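Here are some notes on the model, as requested.

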Amino acid sequence: MLTKVQVRLEQFRQASRIHGGMAKMWAVAMGVKLSRMPIPRRLRTRFYRMLYGGKFASLPEEQLERPLSEYRSLNELFTHGMRPEFRPLAAEANQFVCPCDCQVQDIGRLNHDSLLTVKGIEYSLTSLLPGVDTQHFEGGTFGIFFLSPVDCHRVYSPQEGVLQEIIHVPGRRLLVHPPYQRKEFPVFTLNERVIIRLQTPFGNCLLVMVAGWGVGHVTYPFLKLRRPSKHLITRQKFDTPIPIQRGQWVATFELGSTVIMITEPRPDIITHIARDDRVNYGQAVYSFPMVGASPSDQPANDP
């Protein structure tokens, strides 16, 4: 059993390594604290292009919903949206779409009640999803989607349905970058995370937003929730479930992290993406059999 001290030391070791030493790590941490400070308009474009194109990959400026000079702070730019014509939704109503711009770290079926990542790290559903009845998801599907600093950090609903509950699980801020993940420190169960429970026409779906190094917090574009506890699991269950459209913006990472999508088991699911693919939100991830359709009505499954 890992102690809090061991996990905290590993968090600092990882952060120091990725930033090239303790001094640079603390400089980045200070930058995160100052990321909401307004930047003079005349300096914004030059500063943002120095950052994106220097430390990070360049932003696709033509796809942003606004010109660079209109983003008042680094946090505002980091949580930017994209012009809808560059993120079209998959056409078929029975398709679950990707919830974010990302690189696909892993995708597959749950082994009964656990998922195994390409890094050889196994996570049980009960450890990943405390406070959630996991029996409905045993043998279902999972996708792990890593968001880099250049990605749009808004998270979207993969399917239409209703928002049932938001659960906040306190935890650490270990790096979620795949090269830094280790069996000794199972990041997805050690880190702070938010579990979004959705009910769709194709069964229940979970979006697990896992915080990483530097993530300030998760915000919601249409909800004002009470501040979560730093020590206890906080649940916000909606007496009247909130209707959600497929592709609707439901949450935002304020700095980078990972989204895990989990769905119930259903026969004849077709997978449209693969490990290591670069995927944008709105692209098809799975096609589910239409409710009430006979096998002959369904498209052939992937070989």
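**Notes on the model**

1. C98 counts as buried, with a relative accessibility of 1%; buried means under 20% relative accessible area, exposed over 50% and partly exposed in between, for a 1.4 Å probe and protein chains only. The model is predicted, so local features need pLDDT of at least 70 and side-chain atom pairs count only at pLDDT 80 or more, while totals for chains, interfaces and linings use all residues. Residues are numbered from 1 along each chain as its sequence is written, and side-chain values use heavy atoms, with hydrogens and water left out.

2. C152 is in no disulfide either, and its nearest cysteine sulfur, in C100, is 8.8 Å away. C152 is buried, at 1% relative accessible area. A search of the whole structure finds 0 disulfides.

3. T258 sits in strand 13, residues 257-263. Strands (E, at least two residues) and helices (H or I, at least four) are DSSP runs numbered from the N terminus. T258 is buried, with 0% relative accessibility. Neighbours within four places in sequence aside, T258 is in contact (heavy atoms within 4.5 Å) with I144, F145, F146, L147, V176, F188, V208, M209, V210 and F253.

4. Two aspartates deserve a check of the backbone. D268 is not a glycine, yet has a positive phi of about 60°. D268 lies in the loop between strand 13 and strand 14 (270-271) and is partly exposed, at 44% relative accessibility. D276, also a residue other than glycine, has a positive phi near 75°. Its place is in the loop between strand 14 and strand 15 (278-279), and at 51% relative accessibility D276 counts as exposed.

5. Which strands pair with strand 12? Two strands pair if DSSP finds at least two bridges between them. Strand 6 (residues 154-156) and strand 12 are antiparallel and share 3 bridges; Y156 has W249 of strand 12 as its bridge partner. Strand 10 (residues 218-219) also runs antiparallel to strand 12, with 2 bridges joining them, and T219 has T252 as its bridge partner in strand 12.

6. Strand 12 itself (residues 249-253) is mostly covered, with 4 of its 5 residues buried. In a regular strand, side chains alternate between the two faces of the sheet.

Terms used:
Disulfide = S-S within 2.5 Å.
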